[in-house]
Amino acid sequence: MWKYIAKRLLQALPLLFIISFIVFSLIQLAPFDVVDTLTTPNMTQEQIDFLREKNGLNAPFLVQYFNWLTNILHFDFGNSLITQSNIAKDLATKIPNTLLIVLPAYIISLALASVLGLWAAANKNKFIDKFVDAIASIGMGTPTFWFGMLLIYVFGYKLNILPIIGMYSSGQSGNIVDLLQHLILPVATLIIAYFPELLRYIRAAALEQVNEDYVTVQRAFHATKSEIFSHHVLRNIWIPIVTRIGQALPMFVTGAIITENIFGWPGIGTYLTSATNNLDYPIIMAVLLISSALVILGNLLSDVLYSIVDPRIRKIGETK
């Protein structure tokens with residue numbers, strides 16, 4: 001197992017370097033640079049030249065890239081141009097905040113989608129199946145921002161029973177009950193964002209298994225639907241499910257941008273939006289690099305989970 005994981009990690013490293021180069025290059029191609037965000041109309045040319053020299057912008061492109069990459073390898077993402085705060089420390093605070101709403105929402109969505117998807121597949125072409133498919137269709141057609149605003153209007157303004165902005169109420173920092181109350185609306189919004197696609201995916205995967213020989217054999221032995229789907233079909237759709245889990249890894253960091261901005265949640269989403277509005281390039285590069293790296297790690301996670309669910313895949317990988 002460890003040999004297989006090490007091999008996949010070694011294969012991912014060159015791709016990570018390529019992605020880092022692309023991210024840095026794209027920022028360099030932007031119409032504005034770091035100095036444009038720091039200069040003021042009353043600055044002299046000498047002061048502007050000093051800023052360019054201070055930020056290393058006069059160095060050749062490759063020198064700038066390797067200096068930036070060296071810092072990244074030491075987990076030094078630099079400082080924000082606007083607040084001068086350390087980006088690594090900011091990320092260490094923002095990422096857990098994002099995970100607070102994304103992880104519960106994804107786990108609940110996956111659990112609900114698994115139950116309803118199997119239930120729909122067990123009743124193919126019946127009312128339950130059509131009803132579940134309709135739920136998925138409506139959910140996929142519902143804009144996240146609209147649903148979030150609807151929750152704010154109903155539960156925040158009309159009923160006034162839940163807080164609608166931030167992570168804590170004023171003066172309640174560290175209060176677990178207050179935090180849980182603030183979690184409800186963002187998590188509910190993200191469930192609507194994640195659940196429909198997962199439901200349709202699991203339903204389709206389960207329907208593919210219905211016509212397999214092992215299901216026919218189980219029916220011949222008079223196994224009940226619940227036994228067939230809970231003991232056999234569920235086990236065989238784990239591989240497509242772990243694929244989705246691996247692909248969801250980047251979403252755990254950057255997958256709640258809209259929701260965080262709607263509810264003023266202090267996570268990566270609002271952090272990146274603020275940086276984009278202010279042309280805070282060091283933050284933008286850091287978040288883009290982390291997100292890109294998570295795509296690669298997500299694929300690696302899928303492969304590892306594959307090998308756990310189906311050891312034959314690991315053996316094939318180790319023989320190559």
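Biologist: How much space lies in the second largest pocket?

Modeller: This is a predicted model, and in it the second largest pocket holds about 430 Å³ of space. Its lining is made of 14 residues, and Leu16, Ile72, Leu73, Leu289 and Ala293 are the closest to its centre.

Biologist: Which elements give two or more residues to that lining?

Modeller: They are α1 (2-28), α4 (61-73) and α15 (281-309). The most comes from α15, which gives 5 residues.

Biologist: How do the residues of the lining divide into nonpolar, polar and charged?

Modeller: In the lining of the second largest pocket, 13 residues are nonpolar and 1 is polar, while no residue is charged.

Biologist: Now a single residue. Is Asp129 buried or exposed?

Modeller: A residue counts as buried when its relative accessible area is under 20%. Asp129 has a relative accessible area of 2%, so Asp129 is buried. Asp129 is found in helix α6, which covers residues 127-140.

Biologist: Which residues does Asp129 touch, not counting residues up to four places away in sequence?

Modeller: Asp129 touches Ala120, Asn123, Lys124 and Arg203, with that exclusion applied.

Biologist: And the chain as a whole: how many helices and strands does its secondary structure come to?

Modeller: The chain has 16 helices and 0 strands. Its C-alpha trace spans about 85 × 60 × 35 Å along the principal axes. Of the 320 residues in the chain, 41% are buried.

Notes
Residues numbered from 1 in each chain as written. Predicted model: local features only at pLDDT ≥ 70, side-chain atom pairs only at ≥ 80, totals over all residues. Heavy atoms only, no water. 1 Å grid on protein atoms, 1.4 Å probe; cavity = no way out; pocket = protein on both sides within 12 Å on 5 of 7 lines; lining within 4 Å. Points joined across faces, edges and corners; volume = space filled by probe spheres on them. Helix = DSSP H or I, 4+ residues; strand = E, 2+ residues; numbered from the N terminus. Nonpolar A, V, L, I, M, F, W, Y, C, P; charged D, E, K, R; others polar. Buried < 20%, exposed > 50% of the residue type's maximum accessible area, 1.4 Å probe, protein only. Contact = heavy atoms within 4.5 Å.
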